[in-house]
Amino acid sequence: YLVADLKMDAELERDEVHFFFTDRGVLLLFPLPDRRWLMVADLPAHHDGAKEQPALDEVVAILAERGPARASIADPRWMAYFRINYRSARHYRHGRILLAGDAVHVHSPMGGQGMNTGIQDAYNLAWKLALVARGRAPQKLLDSYEQERRPIAEDVVRITRMMTERFEAFAGLSAQQRESLYF
């Protein structure tokens, strides 16, 4: 996948997320403040995000082949390749070490659930830690953190994988097949 934060001039509503399903792949555009957009696109080849960075020409080409007509981009703040992983830590707690958010579960960004899940993890853990630290609850209370949060994280990982796989399936369909799904 490729992700970029950039300025874009296009005839698109600024209060909507835009999805483009083409036979060349999927393009998602998320509006940001100041005429900026977050662009996400699937790619046919794997890139090592740790060693490679997309070129602006590549981003321009993807937008031209998959996006809205007459769109132009400039001023990229950052661009990166990424690979989707689906993983959860074996345990949320090991002694005094407690994990939350992306440290304990990673998944597709589809559906925007990563930050929400991480915030909910932190909230669940924070009040328990506060009670234990103040001596108002036994250490055993911290064991309930994983019991309560793991099922939710597993559900988010499952749902985001399903959503991503369904979006990726559109790339293998012809324009006529995609159109028949909508009508």
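Helices, as runs of at least four residues assigned H or I by DSSP, and strands, as runs of at least two assigned E, are numbered from the N terminus. All views show a predicted model.

Figure 1. Five strands form an open sheet in the order 2-3-4-1-5, and their pairing is antiparallel. Strand 2 (18-22) and strand 5 (72-81) lie at the edges, each pairing on one side only. From one strand to the next, the twist averages 20°. Helix 1 (residues 56-66) packs on this sheet and touches strand 1 (2-9), strand 2, strand 3, strand 4 and strand 5. The direction of helix 1 makes about 110° with that of strand 5.

**Figure 2. Strand 1 and its two partners in the sheet.** Strand 1 is joined to strand 4 by six bridges, the two running antiparallel. Within strand 4, R36 is the bridge partner of K7. With strand 5, strand 1 forms seven bridges, also in the antiparallel sense; here W78 of strand 5 stands opposite D5. Strand 1 is largely enclosed by the rest of the structure, because six of its eight residues are buried.

**Figure 3. The pairing of strand 3 with strand 4.** Five bridges connect strand 3 (residues 25-31) to strand 4 (residues 36-41), and the pairing is antiparallel. Opposite L28 stands V40 in strand 4.

Figure 4. In soluble globular proteins, nonpolar side chains tend to be buried together. The largest nonpolar core in this model comprises 18 residues, of which L2, M8, L27, L29, M39, V59 and I62 touch the most other members. Strand 1, strand 3, strand 4, helix 1 and strand 5 are the elements that give two or more residues to this core. Strand 1 supplies the largest share, namely four residues. Apart from its neighbours within four places in sequence, V59 contacts L2, L6, M39, P54, I73 and M79.

Figure 5. The buried residues in helix 1 are V59, I62, L63 and R66. These residues lie on the same side of helix 1, because they cover an arc of only 95° around the axis. The buried residues of the helix pack against strand 1, strand 2, strand 3, strand 4 and strand 5. On the face turned away from the buried side are the exposed residues D57 and A64. The relative accessible area of A64 is 64%, and this residue is therefore exposed. Between the C-alpha atoms of A64 and R77, which are 13 residues apart along the chain, the separation is 20 Å.

**Figure 6. The stacked pair of Y1 and F82.** Three aromatic pairs are found in the whole structure. In the pair of Y1 and F82, the ring centres are 5.3 Å apart and the planes are at 25°, so the rings are stacked. This pair links distant parts of the chain, as Y1 belongs to the segment before strand 1 and F82 to the loop between strand 5 and strand 6 (87-88), 81 residues apart. Y1 is partly exposed, at 21% relative accessible area, and F82 also counts as partly exposed, at 25%.

**Figure 7. The stacked pair of F19 and F21.** The ring centres of F19 and F21 lie 6.5 Å apart with their planes at 10°, so this pair is stacked. F19 has a relative accessible area of 36% and is partly exposed. F21, at 19%, counts as buried, because the cut-off for burial is under 20%.

**Figure 8. Two non-glycine residues with positive phi.** R70 is not a glycine, yet its phi is positive, at about 60°. R70 is located in the loop between helix 1 and strand 5. With a relative accessibility of 68%, R70 counts as exposed. D75, likewise not a glycine, has a positive phi of about 50°. D75 is located in strand 5 and is partly exposed, its relative accessible area being 46%.

Terms used: Residues are numbered from 1 along each chain as its sequence is written. This is a predicted model: local features need pLDDT of at least 70, side-chain atom pairs count only at pLDDT 80 or more; totals for chains, interfaces and linings use all residues. Side-chain values use heavy atoms; hydrogens and water are left out. Two strands pair if DSSP finds at least two bridges between them. Axes are lines fitted to C-alpha atoms, for helices over the stretch in contact, and angles run from 0 to 180 degrees between N-to-C directions. Contact means heavy atoms within 4.5 Å. A nonpolar core is a set of buried Ala, Val, Leu, Ile, Met, Phe, Trp, Tyr and Cys residues joined through side-chain atoms within 4.5 Å. Buried means under 20% relative accessible area, exposed over 50%, partly exposed in between (1.4 Å probe, protein chains only). The arc is that of the directions from the helix axis to the C-beta atoms. Rings of Phe, Tyr and Trp (its six-membered ring) pair if their centres lie within 6.5 Å; planes under 30 degrees apart count as stacked, over 60 as edge-to-face and the rest as tilted.
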